[in-house]
Amino acid sequence: MTRDRIVEVTKKAAERVAKASTGTPAKQKYLKRLAELKAKRATAASSTAEGPKRRLRA
Amino acid sequence: MAYEFDIETDPDPPFTDNLGTEIVEFALGYDLDRDVVVLMSVMLVPVDEAHDLRFGIREKSLVSDWKISAPDYTKESTDRYIPKEWRTFVIIQIMRAVRKLIDEAQPDAITMETYYSKLPEKALKKYATLSAAVHSCGYKTVDSFRDEASQKDYWLFGKV
C-alpha cells in the first residue's frame, strides 16, 4: 500500500465509525451495574444524612 | 455530572456492527444522573484491502437504545473519564482488546493513525505499545511515517 492510500484508508475508517450507530450488545450487563452503583450511592447518601442525627442522639 | 469510574476488567468477545466493524468494548464508568455508560470502544474497521485499528471513548445511553455517541479521541475526553492513575491499566486493556480483534478478524493489512498532529515522542508511547500488541499477533510494521500534509503519524502492519 502506498502512503497516500494508508492515509485514505484511515480517513474512510474514521468517517465510517463516526456514522455507525450500533452500540454494545451487552446492554443488560451495563444496566445492572448502573443500578448497583446507584444503590451504593443512595446507601452512602443515607448514611451521610444519618451521621449527624446519630451524633445528636448521642 | 455524577460520573463514577468503574472499569470493566473482563469484556465480552468481539462483536460485529451493522457496517462490518469488529468491536471490543469495555466500560470505563457510569454517569449515574444521565443513565449513561462510558465505553472504550476498540475497533477494526474494514476499508477495502485493509482494516483500520482505532480506539475511542463513546457514551451509550442506557435508556434510549439508539443513542450512542461517535468515538471521541480527544485528550479532554480521556481527562474527563479516566483517572491518571488508571491510564496504564486502560492501555493494557486496549492491548488485550486489540489481540482479541486481530485473532478474530485475521486481516491481511492493518492501518493505524494518531488523532493529533505533531505528537512528541512521549505521546507516541501508547501507539508503540499498541504496535507491540499487533506484532505479538504475528504481524510486522511494514511502514510508519509522519504525513507531511497533516503531520499525523501512520502505521501499516502486515502478516509476517
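This is a predicted model: local features need pLDDT of at least 70, side-chain atom pairs count only at pLDDT 80 or more; totals for chains, interfaces and linings use all residues.

Trainee: Which residue is the bridge partner of His51(B) in strand 6 of chain B?

Mentor: Residues are numbered from 1 along each chain as its sequence is written, with chains lettered from A and ligands numbered from 1 in the order in which they are written. Strands (E, at least two residues) and helices (H or I, at least four) are DSSP runs numbered from the N terminus. Strand 5 (residues 50-61) and strand 6 of chain B run parallel, joined by two bridges, and the partner of His51(B) in strand 6 is Ile110(B).

Trainee: Which residue in strand 8 of chain B stands opposite Thr111(B)?

Mentor: Strands pair if DSSP finds at least two bridges between them. Five bridges join strand 6 to strand 8 (residues 153-159) of chain B, and these strands run antiparallel. Opposite Thr111(B) stands Leu156(B).

Trainee: How many residues of strand 6 of chain B are buried?

Mentor: Buried means 20 or more other C-beta atoms within 10 Å of a residue's own, exposed 12 or fewer, partly exposed in between, with C-beta atoms placed from the backbone. Strand 6 (residues 109-113) of chain B is mostly covered, and of its five residues the buried ones number four.

Trainee: Which residues are exposed on the other side of helix 3 of chain B, away from its buried ones?

Mentor: Helix 3 (residues 125-135) of chain B buries Leu130(B), Ser131(B), Ala133(B) and Val134(B). They share one side of the helix because they cover an arc of only 155° around the axis, taken from the directions from the axis to the C-beta atoms. On the other side, the exposed residues are Lys125(B), Ala128(B) and Ala132(B).
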